[in-house]
Amino acid sequence: MTMYFNEDHDALRDTVGRFVDREINPHVDEWEEKTVPLHELFGKMGDLGLLGITYDEKYGGQGLDYWFDLVFLEELGHVKADGIPMAIGVQTHMATPAINAYGSAYLKETYLRPAISGRMVTAIGVTEPGAGSDVAGLKTRAVRDGDSYVINGSKLFITNGCQADFVTLLARTADKSGFHSFSLFVVPTDLPGFVVSRKLDKLGMRCSDTAELFFDDLRVPAENVIGEEGEGFVIQMKQFQHERFYALPVTYVKARDTIDMTVEYIRQRMAFGRPLIKNQVLRHRLADWVTEIECLKQLTYHIVRMKIEGLDVTREVSMGKLLAGQLSFKVCNGCLQMFGGMGYMNESLISRYFRDSRLLSIGGGADEIMRGIIAKIEGF
Ligand SMILES: Cc1cc2nc3c(=O)[nH]c(=O)nc-3n(C[C@H](O)[C@H](O)[C@H](O)COP(=O)(O)OP(=O)(O)OC[C@H]3O[C@@H](n4cnc5c(N)ncnc54)[C@H](O)[C@@H]3O)c2cc1C
């Protein structure tokens, strides 16, 4: 028991922690070589009730509050390859929050329930070859035809894309300028016209499945629109707040683990007749990082309190996402430096952490986009 957590939170922490230790970390080296098997992993997580912690019990969720969600994400920070928390985060915080908040009873029963049970793997399809940061520039088109929409276009860099059973897809449904020309769809991947055109090769997040998707006259029932037609952009901007929040607890826990692993190494590594840790310059660097980690953690706890009060967290989540991206790369880069040549070897974990850490300042809204949101809210 602590200031924030009672024995129920501790029980969830134990469950997730044990799952990470037994069902994830022993396999990560193998998954880094050949991609994480998502149906198998999510099936096990669904059986433990881990994929719908805050979601309605009516659809198989746990109906718990955001402190439990925080505990879940903190424990995922202990996974020894960031691609796995990212795959899980897509399922729980990126592709399903909009269905949970705006989806019809039909969509919740047909898609949210199996996503929560881990029987369906999900992906979020926003980015396109011609539109990343500028989401409103996307060109994938959904045209109403009777009781369905016909979708044409493509999506790039889609996490879980090769294995997904459905994609939560943002597409253009009108040509008006402004933000009311888009709709968010649930697109099952077994429909004719859905094509995984490429599995992409990446610098880091090697275990993660990243795809280019192609939609060729794909016909999806009109009932698969999430919320109102034309409101998809606005709904996706809200969904992004969940996506970005996921990164915060995972990052500060992972950064702290990275530091602890590095301290263990520099305690025993001798140079100039004494352990490296005896050098004040290195200890001070570590002290700076743990200070920033604590700031990110406290900002995250503040966001949880705001979320529980139902407040708009866009400002704080954008700040947290910006800080998390910068901090994770700084810590991984700096720790790799302390490992010296050994840090540069693929056999050392820090080289993987360094590669993985580069993504956070790019994906889910790049640093520059976070700064733009913060500046706008601040009135600059
Ligand atoms: C491994 C990986 C997984 C991903 N998973 C998904 C996913 O599951 N679903 C999905 O939809 N997308 C996904 N993405 C896409 C990701 O969200 C985009 O890459 C990101 O939003 C940036 O878009 P972009 O790559 O098109 O860069 P661009 O928009 O081309 O930007 C290039 C650079 O210019 C900067 N920039 C852009 N505009 C401005 C400006 N106005 N002022 C200053 N600088 C600017 C950007 O910040 C960036 O640094 C993934 C990406 C990667 C690499």
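W67 is buried in this predicted model, with a relative accessibility of 11%. Its ring pairs with that of Y4, one of 13 aromatic pairs in the structure. Ring pairs join Y4, F5, W67 and Y301 into a cluster.

**The pair Y4 and W67**
- The two rings are tilted, with 4.9 Å from centre to centre and 35° between the planes.
- Y4 belongs to the segment before α1 (7-24) and W67 to helix α4 (residues 66-76), so this contact ties together parts that are 63 residues apart in sequence.
- Y4 has a relative accessible area of 23% and is partly exposed, whereas W67 counts as buried.

**The pair F5 and Y301**
- F5 counts as buried at 8% relative accessibility.
- Y301 is buried as well, with a relative accessible area of 4%.

**Charges over rings**
- R244 places its charged end over the ring of F240, 4.6 Å from the ring centre.
- K254 has its charged end over the ring of Y353, at 3.7 Å from the centre of that ring.

Conventions: Residues are numbered from 1 along each chain as its sequence is written. This is a predicted model: local features need pLDDT of at least 70, side-chain atom pairs count only at pLDDT 80 or more; totals for chains, interfaces and linings use all residues. Side-chain values use heavy atoms; hydrogens and water are left out. Rings of Phe, Tyr and Trp (its six-membered ring) pair if their centres lie within 6.5 Å; planes under 30 degrees apart count as stacked, over 60 as edge-to-face and the rest as tilted. Helices (H or I, at least four residues) and strands (E, at least two) are DSSP runs, numbered from the N terminus. Buried means under 20% relative accessible area, exposed over 50%, partly exposed in between (1.4 Å probe, protein chains only). A charge sits over a ring if NZ of Lys or CZ of Arg is within 6 Å of the ring centre and within 35 degrees of the ring normal.
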